[in-house]
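Please open the model in your viewer and keep the selection panel at hand, as this tour moves from one selection to the next.

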Amino acid sequence: MSQPVERGVSDEYEIIVVGSGEGGKYLAWTMAKQGKRVLVIERKYIGGSCPNIACLPSKNIIHSAKVASYFFRSEEFGISKASVGINMAAVRERKRAMVNGLIEMHLDNFKASGAELLLGTARFISPRTIEVIQPGGRKRVVRGTRVVIGTGSRATLPDIPGLVASEPLTHIEALELDHVPNHLLVLGAGYVGLELAQAMRRFGSRVTVIDHNPTLAHREDQDVCGALEELFRDEGIELRLGCRVRAVEGISGQIVRLRTNGEPELSIEGSHLLVASGRTPNTSDIGLELAGVELMESGHIKVDGHLRTTAPGVWAIGDCAGSPHFTHISFDDFRVVRDDFAGGSRVTTDRQVPFCMFTDPEFARIGLSETDAKVQGIPYRLSKIPMKSVLRTRTLSETRGFMKVLIDINSDRILGFTVFGVGAGEIMGAVQIAMFAGLPYAALRDAVLTHPTLLEGFIPLFSTVPAAG
Ligand SMILES: Cc1cc2nc3c(=O)[nH]c(=O)nc-3n(C[C@H](O)[C@H](O)[C@H](O)COP(=O)(O)OP(=O)(O)OC[C@H]3O[C@@H](n4cnc5c(N)ncnc54)[C@H](O)[C@@H]3O)c2cc1C
């Protein structure tokens, strides 16, 4: 028998947000604090992917792996050790405790803001009208004057025979392991695959990374790809690059085998398989066609610079709208929609998109890479220094990597900055702020910077920029 549908005047909201991810929750809290009647519908993860299954839990696990790597290197720091053991159940427990704390924090924020949180799966049944299937099967229909879609994305499972049947891990299950895999096969050499591959290796797993591209992080400059490859090989991670998997056999968690195309054909066997080969937007099966919301060919929701969809009164934010897939971008999408509600002019098209890959050491970039500059035909001046010339890295025994900067050929404008090395994410942030403020590169060269810190590297970096013209 079908479940009764609840409906009444209380089901009209000024703003409905579908998905409680970064952009959605901040929009909801902000609007509710302004006195608006706001509803957020969330099917599983209170606060979205970042605190539950993505950024924060992965960085938590990666930090445990960093601590393990220090233990394995302890003699180098003059600390003798008896033995090192990895208790993955305890590693997971630390992560789970953090996640539970974050969920509590989110619930407090909902309460304090006055935004209503409804647990259930949302589906449009007509323009700005949504049916919610709550846990237990109960249905509720709600309608918003304004609706914001922030349903995020999920791990893509490529169409490879045998892949689904092999029950592979995605990042969700990998972050929940209570044991170290004997031999982890990682399909995909993007940032999710690389971060988890290195962490699992540091916990003691044998790890093989497989990708059809010829390099790791293939969109980045050659020197970045090369440095990452060297890091991974030094840590004992096996790389099978330029290999296209054509079939998967076996079951992840037992024995799994990848068969590849090419000369020669390879058969790569491991105990577990992690799939990290891209993201698919959560835009199918949610009734978008009934809401008048059009999709792009990629499956992302079609939006303009204000994140308005093709349906009047409906916006889309974050991964599902095809915004660069980062939590800080979903957050900025919130600001764009908030300002659009208020009649402002903020858009997505002119913003900075910084990012950091949390391998150890990290890799971070803001603005143009050399590859981008060449593709776009933008001439530049280049300066590059090894991280070992930044003396702080020597005190840390973390001398691997480099930083480089692209400066405009005629003016002193910073076009892009790349850093692969210890503290990369924080170092990049300082250059980003200089770029944002429109500072000439000489301002960083001539600043008095604390010794010995990583930012001190700006002095040699910006002192060796070739002269203009
Ligand atoms: C392993 C991993 C590590 C990452 N690390 C980083 C990092 O370090 N830094 C960074 O910036 N980014 C990182 N990312 C990317 C980042 O997590 C995403 O870009 C970001 O979470 C996207 O936010 P969002 O608001 O678009 O969607 P999400 O946070 O995914 O939120 C969408 C929400 O909608 C809900 N939902 C979906 N469909 C429905 C429905 N029909 N009804 C109700 N609710 C629904 C989902 O349950 C989910 O909670 C990482 C991603 C992964 C996978």
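This is a predicted model: local features need pLDDT of at least 70, side-chain atom pairs count only at pLDDT 80 or more; totals for chains, interfaces and linings use all residues.

Select the ligand first, together with its shell: 35 residues surround the ligand, and the closest are Glu42, Ser49, Lys59, Asp319 and Ser330.

Next, display the secondary structure and ask which elements each supply at least two residues of the shell around the ligand. On the helical side these are H1 (22-33), H2 (49-53), H3 (55-72), H6 (191-202) and H9 (327-341), while strands S3 (38-42) and S5 (121-126) contribute in the same way.

At Arg43, a backbone N or O atom lies 3.1 Å from a nitrogen atom of the ligand, and at Ala122 a polar backbone atom is 2.9 Å from a ligand nitrogen. Tyr191, by contrast, uses its side chain, a polar atom of which lies 3.2 Å from a nitrogen atom of the ligand. Taken alone, the ligand exposes 1000 Å², of which the protein buries 95%.

Centre the view on Phe77, found in the loop between H3 and helix H4 (88-113). Phe77 counts as partly exposed because its relative accessibility is 34%, a value that falls between the 20% and 50% cut-offs.

Technical notes: Residues are numbered from 1 along each chain as its sequence is written. Side-chain values use heavy atoms; hydrogens and water are left out. A residue is near a molecule or strand if one of its heavy atoms lies within 4 Å of it. A polar contact is a pair of N or O atoms within 3.5 Å; within protein, one must be able to donate a hydrogen and the other to accept it, and residues adjacent in sequence count only if both atoms are side-chain atoms. Accessible areas come from the Shrake-Rupley method with a 1.4 Å probe; for residues, only the protein chains shown count as cover. Helices (H or I, at least four residues) and strands (E, at least two) are DSSP runs, numbered from the N terminus. Buried means under 20% relative accessible area, exposed over 50%, partly exposed in between (1.4 Å probe, protein chains only).
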